[in-house]
Amino acid sequence: MKTFRLIGMALITILMCITACSDDDDDDEPETTTQQALIKTVTLKAAGTLENLLGDQYLEIETLKIIGPLNSDDIRIIREMGGSDYEGLPTYGKLSYLDLSEASIVEGGEYYYHDFDKQYYFTSNDKIGNYMFRSCYQLKTITLPNSVTTIGYAAFSECTGLTSITIPNSVTTIGSYAFYDCTGLTSVTIGSGVTTIGSYAFYDCTGLTSVTIGSGVNTIEESAFRNCRGLTSITIPNSVTTIGSYAFEYCTGLTSVTIGSGVNTIEESAFRNCRGLTSITIGNSVTTIGSYAFEYCTGLTSVTIGSGVNTIGDYAFGDCTGLTSITIGNSVTTIGYDAFRDCTIKNCHIYATTPPNTYQSFSTVYAESTLYVPKGYAEAYKDWFSYFYNIVEMEE
């Protein structure tokens with residue numbers, strides 16, 4: 001089971017106010033008995049007692065704040081309230097707003113969930129365990145305990161109603177698929193203490209329109225934001241060194257990407273099928289553009305590749321049919337097979353004095369296509385006439 005280390009605060013979407021009414025507070029007393037059943041604050045002196053404290057009408061509660069220790073028995077009840085029982089089957093629970101900021105997760109009790117393979121999951125101290133809130137579709141806003149250090153594998157996966165979650169500074173690890181298919185999420189802000197955005201962490205969060213990545217993140221792992229079709233722009237800070245395979249694949253709404261000067265690797269298919277992108281500037285720190293990295297980005301019209309890049313992978317810009325202008329820095333040594341397949345390139349500026357190795361890298365020669373090379377090196381590029389109709393030396 002793979003987990004990923006994150007440090008600091010990750011604030012997902014705009015925090016919503018959670019109203020918790022105490023039975024002992026006359027000023028906050030609900031106006032009717034019905035409302036009183038919908039809003040609840042409870043204090044547990046011992047783990048495993050939540051069901052007794054809530055009473056028979058616990059499935060009717062919409063807003064809940066819990067103070068005290070929670071074990072597997074209590075989590076099982078919270079799951080039912082949030083719309084999914086210990087087998088993942090739907091319930092009549094109505095719980096939408098859950099505040100656990102003054103609660104703690106402790107070991108003990110029966111399992112809170114089991115999967116189809118009959119794997120049973122129990123609470124551990126200070127951990128949001130694997131699948132803990134999986135498929136709790138009713139939950140909209142959650143504030144996690146301030147003592148939590150770990151968010152497990154698929155902990156909130158398929159929480160389709162989730163719009164807001166507060167993750168405290170104490171969290172150091174978030175598992176794979178943690179927020180997979182949370183289609184209600186619209187905005188993600190990842191704090192500067194976070195070091196890794198794990199694989200598939202926000203995969204299929206199709207409602208996500210805004211992501212802010214903190215200055216501490218150094219790795220965006222495989223498929224981290226894959227198929228986030230509502231995402232329109234992304235700025236990757238200088239701290240990031242690796243953008244993993246498929247990290248933003250099928251982010252078809254993405255129109256703007258800023259890649260910091262710290263990135264050195266854009267891995268395979270990282271931005272594949274991002275059809276809304278119109279231009280890309282790749283910083284000088286990048287050394288490798290992986291295979292298929294920008295394939296089928298049909299909206300691209302221009303690409304600037306920095307002086308640090310030495311390898312452009314196979315099909316890296318394949319089928320970018322709108323691409324007409326490219327600039328390639330002076331360090332490139334290899335341009336892979338069909339790297340610019342079916343691109344209608346009219347102008348290519350390349351600054352390498354030694355022509356890179358090519359492997360059918362460019363498509364059909366167009367009468368208006370021109371290759372611009374360093375002054376004095378037109379002869380060195382004579383074999384490129386198979387790609388470009390004109391070869392012109394640039395002025396110094």
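Entry one. I started with lysine 94, which is partly exposed because its relative accessibility is 33%. The cut-offs I used: buried is under 20% relative accessible area, exposed is over 50%, and partly exposed is in between (1.4 Å probe, protein chains only).

A note on the source. This is a predicted model, where local features need pLDDT of at least 70, side-chain atom pairs count only at pLDDT 80 or more, and totals for chains, interfaces and linings use all residues. Residues are numbered from 1 along each chain as its sequence is written, and side-chain values use heavy atoms, with hydrogens and water left out.

Entry two. What does lysine 94 form a salt bridge with? I found glutamate 60, with the closest N and O atoms 2.9 Å apart. Lysine 94 sits in the loop between α3 and β5 and glutamate 60 in the loop between α2 and β4, so the pair ties together parts 34 residues apart in sequence. Glutamate 60 is also partly exposed, at 29% relative accessible area. I counted a salt bridge when a side-chain nitrogen of Lys or Arg lies within 4 Å of a carboxyl oxygen of Asp or Glu. Helices (H or I, at least four residues) and strands (E, at least two) are DSSP runs, numbered from the N terminus.

I searched the whole structure and got nine salt bridges. One of them joins glutamate 158 to arginine 134, with the closest N and O atoms 3.5 Å apart. Glutamate 158 lies in the loop between β10 and β11 and arginine 134 in the loop between β8 and β9, so this pair ties together parts 24 residues apart in sequence. Glutamate 158 is partly exposed, at 27%.

Is glutamate 249 buried or exposed? It is buried, at 2% relative accessibility. Glutamate 249 forms a salt bridge with arginine 226, the closest N and O atoms being 2.9 Å apart. I then found a network of salt bridges linking Arg226, Glu249, Arg272, Glu295, Asp319 and Arg341.

Entry five. I turned to helix α3, residues 72-81, and found nine of its ten residues buried. Among them are Ile75, Ile77, Ile78 and Met81. Their cover includes α2, β4, β5 and β6, judged by contact (heavy atoms within 4.5 Å). At the start of α3, a side-chain oxygen of asparagine 71 comes to within 3.0 Å of the backbone nitrogen of aspartate 73. After α3 comes glycine 83, with a positive phi near 110°.

How values were computed: A polar contact is a pair of N or O atoms within 3.5 Å; within protein, one must be able to donate a hydrogen and the other to accept it, and residues adjacent in sequence count only if both atoms are side-chain atoms.
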